[in-house]
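Please look over the sequence and the structure before reading on.

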Amino acid sequence: MRAAGIFVALAATAATALAEAPIDLDDIVLEDEDGQPAVDAGPPEPAPAPGPRRRRHGAGPPPRRGTWHLRAGILHVTPHASSGAVVLSGVAGPASLAVENGPIAGSSTDLTSITTPALLVGYAVPAWEGELGVETVLAPPVTFELRAKGTIAEQSLAPMVLDTVPTGIPPLGPELGRTKALPPIVTVVYRARRGHRVRPYVGVGVSYFHAYDATITNPILTEVATPHLAIDDAVSAVGQLGLDVRVAGRVHATLDVKALSGYAIAARVDNIHVRTPAFPLYESVHVGAVSVDVVARPVLVTAGAGVNF
């Protein structure tokens, strides 16, 4: 009993001391399982931010690429050409007794239409989701027939000498000459309704006309000598309308129409000699040269089919 009283007295004394003495938390030392002071680790460190995720090889969508299209078909060219009067120059000697320098009243020239195989080749720019592209026409060199019209085809160039003696020179007729031509065309094309089966499109561009192997084929003009035909190059703006129809899969049919603002073409024929069968003094005479300015506003219609790839 005495021991119990002593324990109670000590407990009371300790409680009174704790109540009167302040507790400093900094003086409290924590111990680990081995009895050693525990190290204060401080607040937990934040988790590291996730780095950029690396895409595995072959994963994700492929980069956008442009697409090509190819259409094989038939091209028909209608020149819609018109000209001023044919102009004589360099007239001298005996020819001056029947004709004179200057325009031949009522005369003109024309070009014939042509039809040829052709390819439409285009590239769709990827940045415009396949709606904007570049296109050109590939075709073999075309041959245009030059035609005489009006008085130069229907009447003699020099019917009379001094208005009294006939020369016997006949009218030239419609045939005048021919020329090969390379008219490359490049257009920028906008195709609407991406992803649809039927896609109309419009375009604008430029064309360059280059003539070569130009020859005079009229038998009256070539009977005595070989005239020289020269045709200048020309440039024209181009407008374009068309329709693409998806037939099956990547196979498409196309109808394409291009209209040119106009080639301003200058043509000249030198070294013209003609026979004068009814004029006894001269078997033939040197007439000089002729020139003509032609404006051609061709319309090109292409129908074809092909693939996108």
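The text below goes from the whole chain to its cavities and then to one residue.

**The chain as a whole**

The model is predicted. The chain has 309 residues, and buried residues make up 32% of them. Its secondary structure comes to three helices and 19 strands. Among the contacts in the chain with a separation of 6 or more, 72% are accounted for by residues 24 or more positions apart. The accessible surface comes to about 18800 Å², and carbon and sulfur atoms hold 63% of this area.

**Cavities**

Rolling a probe the size of a water molecule over the atoms shows where empty space is left. In this model, a search of the whole structure finds two cavities of 30 Å³ or more. The table sets out their volumes and linings.

| Cavity | Volume | Lining residues | Classes in the lining |
|---|---|---|---|
| Largest cavity | about 300 Å³ | 26 residues | 21 nonpolar, three polar and two charged residues |
| Second largest cavity | about 110 Å³ | 15 residues | 13 nonpolar, two polar and no charged residues |

Which residues lie nearest the centre of the largest cavity? They are Thr-109, Leu-146, Leu-176, Ala-267 and Val-292. Several strands contribute to this lining: β5 (107-111), β8 (142-150), β11, β14 (228-231), β17 (263-275) and β18 (284-296) are the elements that give two or more residues to the lining of the largest cavity.

For the second largest cavity, the lining residues closest to the centre are Ala-95, Ala-98, Ala-158, Thr-276 and Val-285. No charged residues are found in the lining of the second largest cavity, whereas the lining of the largest cavity has two.

**Thr-179**

Strand β11 spans residues 175-182 and includes Thr-179. Is Thr-179 buried or exposed? Its relative accessibility is 2%, and because buried means under 20%, Thr-179 counts as buried.

Leaving aside residues up to four places away in sequence, Thr-179 touches Val-142, Thr-143, Phe-144, Leu-146, Ala-211, Tyr-212, Asp-213, Ala-214 and Ile-231. One of these residues, Leu-146, is also among those nearest the centre of the largest cavity. Tyr-212 is another residue that Thr-179 touches, and here a polar contact can be described: a polar atom of the Thr-179 side chain lies 3.3 Å from the backbone oxygen of Tyr-212.

The strand that holds Thr-179, β11, is also one of the elements that give two or more residues to the lining of the largest cavity.

Definitions and conventions
Residues are numbered from 1 along each chain as its sequence is written. This is a predicted model: local features need pLDDT of at least 70, side-chain atom pairs count only at pLDDT 80 or more; totals for chains, interfaces and linings use all residues. Side-chain values use heavy atoms; hydrogens and water are left out. Helices (H or I, at least four residues) and strands (E, at least two) are DSSP runs, numbered from the N terminus. Buried means under 20% relative accessible area, exposed over 50%, partly exposed in between (1.4 Å probe, protein chains only). A polar contact is a pair of N or O atoms within 3.5 Å; within protein, one must be able to donate a hydrogen and the other to accept it, and residues adjacent in sequence count only if both atoms are side-chain atoms. Contact means heavy atoms within 4.5 Å. On a 1 Å grid over the protein atoms alone, a cavity is a set of points where a 1.4 Å probe fits but cannot get out, and a pocket is an open set with protein on both sides within 12 Å along at least five of seven lines; lining residues have an atom within 4 Å of a point. Grid points are joined across faces, edges and corners, and a volume is the space filled by probe spheres set on the points. Ala, Val, Leu, Ile, Met, Phe, Trp, Tyr, Cys and Pro count as nonpolar, Asp, Glu, Lys and Arg as charged, and the others, Gly among them, as polar. Accessible areas come from the Shrake-Rupley method with a 1.4 Å probe; for residues, only the protein chains shown count as cover.
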